[in-house]
Amino acid sequence: MSKFPPKPGPISAKPLSLLLNDVFAEAYAKQGFAARELVTRWAQIAGPEIAAHAEPLKMQWPRPVEGQPQEPATLVLRVEGPMALEIQHSADVILERVNRFFGWSAVGKLAFRQAPLSRARRPVRPGPPDPKSVAKVAESLGDIEDEELKTALARLGAAIKRN
């Protein structure tokens, strides 16, 4: 009998996207999206100019009528308020790009909801502090022998005071 426990077998790690695929599929299906790629790849589909101000909210499919072909869906877009008119003028381009993505005329019209976009905006990083305020803070630091440390502390203090 061996003193050591048996070696574990190979690790069969699965990508998180595979594990959560069913969860996301249900959430997107509730919003009428047959494929989540319309949401996740929106910037590539619509183009960066349109995607900067609009995002897909849901797709509304009309009820099927027996014996009739399925009518195209209405794609509801969330649009930032001031850009709604501009995006509305681009409706034909958006419809063409979305239908080209699907490979068939899945979307027949667009509807717009004016609201802030849900994506988080990247914070704008402030520039370096003003040299005058850095010098003013450096004067108030007193006797610090290490000049590099004193300069760094002065920049930090000026940045804190600025915010």
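Predicted model: local features only at pLDDT ≥ 70, side-chain atom pairs only at ≥ 80, totals over all residues.

Trainee: What makes the contact of R100 with E96 a salt bridge?

Mentor: The closest N and O atoms of R100 and E96 are 3.3 Å apart. The cut-off is within 4 Å, so the pair counts. The two residues sit four residues apart in helix α7, so about one helical turn separates them.

Trainee: And why is R100 called exposed?

Mentor: Its relative accessible area is 56%, and exposed means over 50%. So R100 gets that label.

Trainee: How many salt bridges does a search of the whole structure find?

Mentor: Two. One of them joins the side chains of E55 and R78, at 2.8 Å from N to O. E55 lies in strand β1 and R78 in strand β2, so this bridge ties together parts that are 23 residues apart in sequence.

Trainee: Are E55 and R78 buried or exposed?

Mentor: Both are buried, which means each has under 20% relative accessible area.

Trainee: Now the helices: at what angle do the axes of α8 and α9 cross?

Mentor: At roughly 115°, and the axes come within 8 Å. The crossing is right-handed. On the α8 side, the contact residues include V134 and V137, while those of α9 include L153 and K150.

Trainee: What kinds of residues make up that contact of α8 with α9?

Mentor: Six are nonpolar, two polar and three charged. K150 is in the contact, and it goes in the charged group because Lys counts as charged.

Notes
Residues numbered from 1 in each chain as written. Heavy atoms only, no water. Buried < 20%, exposed > 50% of the residue type's maximum accessible area, 1.4 Å probe, protein only. Axes fitted to C-alpha atoms, helices over the stretch in contact; angles between N-to-C directions. Left-handed = near helix turned anticlockwise from the far one by under 90°. Contact = heavy atoms within 4.5 Å.
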